[in-house]
Amino acid sequence: MNTRTVNTGGALEIEGPLAAPRKTRVQESWNLLKRNRLAFTGLLIFVLFFITALTGLILTSGTDPYFDPSAIRLQEKLRPPLSKPNMETLRPEEIPRWGIYLFGTDDLGRDVFSRMLQGAWVSLTVGFVAVGIAVLIGIFLGGIAGYFGQSHIRIDHVLKALLLFVGTALLFIGPSYLGIVLLLMGIGLIIYPMAYRRILGKGDTSLWMRTLHRKAVLIDTLIMRAVDIMLCFPSFFLILTVVALLPASIYNIMIVIGLTSWMGTTRFVRAEFLSLREQDFVTAAQALGLSNLRIIFRHMMPNAIAPVLVSATIGIATAILTEAGLSFLGFGVPPPHATWGNILSDGKRFIFDAPWLTFVPGFAILIVVLSFNLFGEGLRDIVNPKLRERH
């Protein structure tokens, strides 16, 4: 037992046991993460990947980049890794940095190392932006379903939303005149009840208004059935179809992946909100008259965010893998941008003559995706007290 001795005029007195210094939540989580070697290794690889991607963005951008991923040297095509260039056939500006092809060259003589650096930033951007979109949508819909889920949506709410949505869509994709008509009808449906009450001081009791004000469906039922419908579609083929119809762009890919990946986050947040809604601190906040927004964002959201972080970490790996698959099939980021997926796609024609064109991006994708999955599993164990004892 730890004790403390105090000197009182030459005599030593022993006081009670020393209390162990309290650790903060961050310190405790960090110690748990360090004990989980696989998760800690995943975190280190993730940090290294982030630094590499940021460095690649700096060194491969601009009009005169340090590493030029688009420089073509046909006389140096399909050179193996660690090979030295033939100085006699190259112009000074075509000589690779460091005087060596670290990862070899492709069928156009482009330096694979430079292209891998550029592709790292593309993969990182797609992963984080796509997951950011999915998390924002999931938190919004999951929070509404969990907190306001037992409230009803009226028929007029459904009609207003439908008219405004369809009208806006038609306004952009045509026919625009029909879109304007639907928008005006939706706006009129919003204004009419307010104007009627303001003029006459009472609600409209006509039959059609009573019909429009009838309860249609629970908010929770509507959102969760939308989640179920989205889960019925094979995600990759849905993304592939949408991307094939849209112009090839990195922004379209990020948005499409994000808009088709929010269902898991919605379920996580809804489940947490359903549990937290019955807790005493939420009841106390409601009794004090706090607004719903303050209760949700100040009191409930911090307690519900932990499983979302785990889902987002693993979702980044899925987004990177999806982007690589799209680029491999030719529906990803268009040239001249290099991505790990299109480097892999270019190398499949030379699998026996130049296997490094397949192995280098393939192993890079494998290591990065595995690191995110391991780190996500470690976070899951840390945020779940029931699983902490395993480590």
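Guide: Before we start, a residue counts as buried when its relative accessible area is under 20%, as exposed when it is over 50%, and as partly exposed in between (1.4 Å probe, protein chains only).

Visitor: Okay, and what sort of model is this?

Guide: This is a predicted model, in which local features need pLDDT of at least 70 and side-chain atom pairs count only at pLDDT 80 or more, while totals for chains, interfaces and linings use all residues. Residues are numbered from 1 along each chain as its sequence is written, and side-chain values use heavy atoms, with hydrogens and water left out.

Visitor: How many helices and strands does the protein chain have?

Guide: The protein chain has 14 helices and four strands. Both are DSSP runs, numbered from the N terminus: helices are H or I with at least four residues, strands are E with at least two.

Visitor: And what share of its residues is buried?

Guide: Of the 391 residues in the protein chain, 39% are buried.

Visitor: New topic. How many salt bridges are there in the whole structure?

Guide: A search of the whole structure gives nine salt bridges. The rule is a side-chain nitrogen of Lys or Arg within 4 Å of a carboxyl oxygen of Asp or Glu.

Visitor: Which residue does D106 pair with?

Guide: D106 forms a salt bridge with R115, at 3.9 Å from N to O. D106 is buried because its relative accessibility is 4%, and R115 is buried because its value is 6%.

Visitor: What about R110, who is its partner?

Guide: That is D346, and the N to O distance in this salt bridge is 3.9 Å. R110 sits in the loop between α2 (37-60) and α3 (112-147), while D346 is in helix α13 (residues 340-347), so the pair ties together parts that are 236 residues apart in sequence.

Visitor: Is R110 buried or exposed?

Guide: R110 is buried, at 15% relative accessible area. Salt bridges with shared partners link D106, R110, R115 and D346 in one network.

Visitor: How much of α13 is buried?

Guide: Seven of its eight residues are buried, so α13 is largely enclosed by the rest of the structure. Those buried residues are W340, G341, N342, I343, L344, S345 and G347.

Visitor: How many cavities of 30 Å³ or more are there?

Guide: The count is two. A cavity is a set of points on a 1 Å grid over the protein atoms alone where a 1.4 Å probe fits but cannot get out, and lining residues have an atom within 4 Å of a point. Points are joined across faces, edges and corners, and the volume is the space filled by probe spheres set on them.

Visitor: What lines the second largest cavity?

Guide: Its lining is D106, R110, V112, R115, I343, D346 and L357. The elements giving two or more residues to that lining are α3 and α13. The volume of this second largest cavity is about 40 Å³.

Visitor: How many residues of that lining are charged?

Guide: Four are charged, three are nonpolar and none is polar. Here Asp, Glu, Lys and Arg count as charged, Ala, Val, Leu, Ile, Met, Phe, Trp, Tyr, Cys and Pro as nonpolar, and the others, Gly among them, as polar.

Visitor: Last one. Where is T322?

Guide: T322 is in helix α12 (residues 292-328) and is buried, with a relative accessible area of 13%.

Visitor: What is T322 in contact with?

Guide: Leaving aside neighbours within four places in sequence, T322 is in contact with F236, I239 and I257, where contact means heavy atoms within 4.5 Å.

Note on methods. 1 Å grid on protein atoms, 1.4 Å probe; cavity = no way out; pocket = protein on both sides within 12 Å on 5 of 7 lines; lining within 4 Å.
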